[in-house]
Amino acid sequence: NSTYQIVGDGGLAFDHAKIIAAAFRTMRSMKDEYDLVFRFLPEKFTLSSMQKTYEIIHNISEQPANFRRKAANYVVETDEYEDCIGHRPAKLYERKL
């Protein structure tokens, strides 16, 4: 069970901060639910961005090799790479249908 303290509403109206906290609690209860992760990703994405999204939603940290092994059942590699970046381009993936 997670508890949240609303330090500042950042301009949120009414009980919206509580609604956001409730949404995070619901998302975090779906530990093995990768479908949720795909809702926050573009059609084509890197495994690194998928891992970051998963970790933020579930408030956990995973070793990249472990995450990639688990995610392999849910993604398919494309022939495309990231572009317009300042480092070696990463392979892009899509959700496996």
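Buried means under 20% relative accessible area, exposed means over 50%, and partly exposed lies in between, all with a 1.4 Å probe and protein chains only. By that scale Glu77, with a relative accessible area of 48%, is partly exposed.

A word on the ground rules. This is a predicted model, in which local features need pLDDT of at least 70 and side-chain atom pairs count only at pLDDT 80 or more, while totals for chains, interfaces and linings use all residues. Residues are numbered from 1 along each chain as its sequence is written, and side-chain values use heavy atoms, with hydrogens and water left out.

Now to the charged pairs. A salt bridge here is a side-chain nitrogen of Lys or Arg within 4 Å of a carboxyl oxygen of Asp or Glu. That rule gives four salt bridges, including those in this table:

| Pair | N to O distance |
|---|---|
| Arg95 and Asp35 | 2.2 Å |
| Glu62 and Lys70 | 3.2 Å |
| Lys91 and Glu77 | 3.6 Å |

Let us start with Arg95 and Asp35, whose closest N and O atoms are 2.2 Å apart. Helices (H or I, at least four residues) and strands (E, at least two) are DSSP runs numbered from the N terminus. Arg95 is partly exposed at 35% relative accessibility, and Asp35 is partly exposed at 35%.

Finally, Lys91 meets Glu77 through their side chains. This pair also joins distant parts of the chain: Lys91 lies in strand E3 and Glu77 in strand E2 (residues 75–81), 14 residues apart.
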